[in-house]
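The sequence and the structure are shown first, and the description follows.

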Amino acid sequence: MTIDKDTLAQEALDLLKQLIAIPSLSEEEEKTGNAIEAWLKKFGVETKRQYNNIYAYNKYYDESKPNLLLNSHHDTVEPNSAYTNDPFDAHIKDGKLYGLGSNDAGGCLCSLLATFVHFYEREDLSHNIIMAATGEEEDAGAKSLSALLPILPEIDVAIVGEPTEMQLAIAEKGLIVYDGKILGTPSHAAHPNDDSAIYKTAAILDWFKNYEFEKVSEVLGPVKITVTQLNAGSQHNVVPAHVDLVIDTRVNDCYSNGEINDILQKEAPCQLTPRSLNKDSSSISLDHPLVQSGIALGRETYGSPTLSDQAKLSCQSLKLGPGYSPRSHSADEFIYVREVEEGVGLYIDILEGFLTSTNN
């Protein structure tokens, strides 16, 4: 069954409208999972399910071929408090499709699903295709892509659908979130105290502001450290024993998270406890045939500062999708209709160049 790109683009838009209308906060994606399953089965696709992760293999899956994963998520964050529209009312105005999850990452997911349908019955492909529409991305939940990967065949290369304006994000920064603690001597506010944790804080904040890691990535730039939260004290007349802070650390591809942690544990002027070290930076080589196929179609390459489920993959991976990242999690979120239409066409064209190339 061959379906033209225009028809697939319209099918993707119709599915996106349906998904927007179904609340699907992280860990509450059962109904959007049902809708995705039903949509795929309409095209004769045999689906599988783990929790709210919906996945499928191309019809002529061949164990002797390498595996390409197409992945995006169908969960959303809570609606931004500044919404003026109903976040679950999928409506088009001035060429924009409004609704929660339209940009992040419904447009990407539905475009990838349409692309998977396009190639589902093809027998001439260099790679198998595994489609995975997963949940719990927004809260990095236990039943997200990380739960699905162990039961999938080994993945050789992946496309992760996130809004990149259909440009090629060939690298993505990793993340370490630290809980920091600045220690001092607690006391009554009326008495002298030369060891106040609060007064120490100014110099320590200045240290984080000015600290620089030696290695700078050509694609991702420097490692970036940002103190994002501070908390101290319980009442006006007590000098607290400590100041708590949270440090957001965006790691480039010159370091592993373990290396960054070793450096900061030695040099940082306060106690640091990492919440996890498993969100390393991700990348794909510039000369990979998948990237080259995109470049041949006029797509540009860049490094992404934001984190996605790409961090859970150990293979080479490309972040690519319709939409514009700054719209994500915003009030009155939207995606342009033309972005979805172009996204379906570009995904298909990029994969056509990759999956039928004799160089793979």
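Helix α3 has 18 residues, which at 1.5 Å a residue should span 26 Å; the C-alpha atoms at its ends lie 24 Å apart, in agreement with that expectation. The structure is a predicted model, and every value in this report is computed from it. Of the 18 residues of α3, 17 are buried, so the helix is largely enclosed by the rest of the structure.

**Nonpolar cores**

In soluble globular proteins, nonpolar side chains tend to be buried together. The largest nonpolar core in this model holds 57 residues, and those that touch the most other members are Leu40, Leu70, Phe116, Leu290 and Leu351. When neighbours within four places in sequence are set aside, the contacts of Leu40 are Val45, Thr47, Ile54, Leu113, Phe116 and Val117.

Strands of a sheet pair through backbone hydrogen bonds, either parallel or antiparallel. Here, four strands form an open sheet in the order β11-β13-β9-β14, and their pairing is antiparallel. Strands β11 (224–232) and β14 (271–274) are the edge strands, each of them pairing on one side only. From one strand to the next, the twist averages 25°.

Eight bridges join β11 to β13 (residues 242–251) in the antiparallel sense.

**Salt bridges**

How many salt bridges does a search of the whole structure find? The search finds twelve.

| Pair | N to O distance |
|---|---|
| Glu352 and Arg122 | 2.8 Å |
| Lys312 and Asp309 | 2.8 Å |
| Glu339 and Arg327 | 3.0 Å |

The salt bridge between Glu352 and Arg122 links distant parts of the chain, with the two residues 230 residues apart. Glu352 belongs to helix α8 (residues 337–355), whereas Arg122 sits in the loop between α3 (102–119) and β6 (128–134). Glu352 has a relative accessible area of 27% and is partly exposed; Arg122 is also partly exposed, at 21%.

In the pair formed by Lys312 and Asp309, the two partners fall into separate classes of accessibility. Lys312 is partly exposed, with a relative accessible area of 26%. Asp309 has a relative accessibility of 3% and therefore counts as buried, the cut-off for this class being under 20%.

Glu339 and Arg327 form a salt bridge. Glu339 is in helix α8 and Arg327 in the loop between β17 (316–319) and β18 (334–336), so their bridge ties together parts that are twelve residues apart in sequence. Which class of accessibility applies to Glu339, buried or exposed? Glu339 is buried, with a relative accessible area of 10%, and Arg327 counts as buried at 11% relative accessibility.

Salt bridges that share partners also join Arg122, Asp124 and Glu352 into one network.

Conventions:
Residues are numbered from 1 along each chain as its sequence is written. This is a predicted model: local features need pLDDT of at least 70, side-chain atom pairs count only at pLDDT 80 or more; totals for chains, interfaces and linings use all residues. Side-chain values use heavy atoms; hydrogens and water are left out. A salt bridge is a side-chain nitrogen of Lys or Arg within 4 Å of a carboxyl oxygen of Asp or Glu. Buried means under 20% relative accessible area, exposed over 50%, partly exposed in between (1.4 Å probe, protein chains only). A nonpolar core is a set of buried Ala, Val, Leu, Ile, Met, Phe, Trp, Tyr and Cys residues joined through side-chain atoms within 4.5 Å. Contact means heavy atoms within 4.5 Å. The expected span of a helix is 1.5 Å times one less than its number of residues. Two strands pair if DSSP finds at least two bridges between them. Axes are lines fitted to C-alpha atoms, for helices over the stretch in contact, and angles run from 0 to 180 degrees between N-to-C directions.
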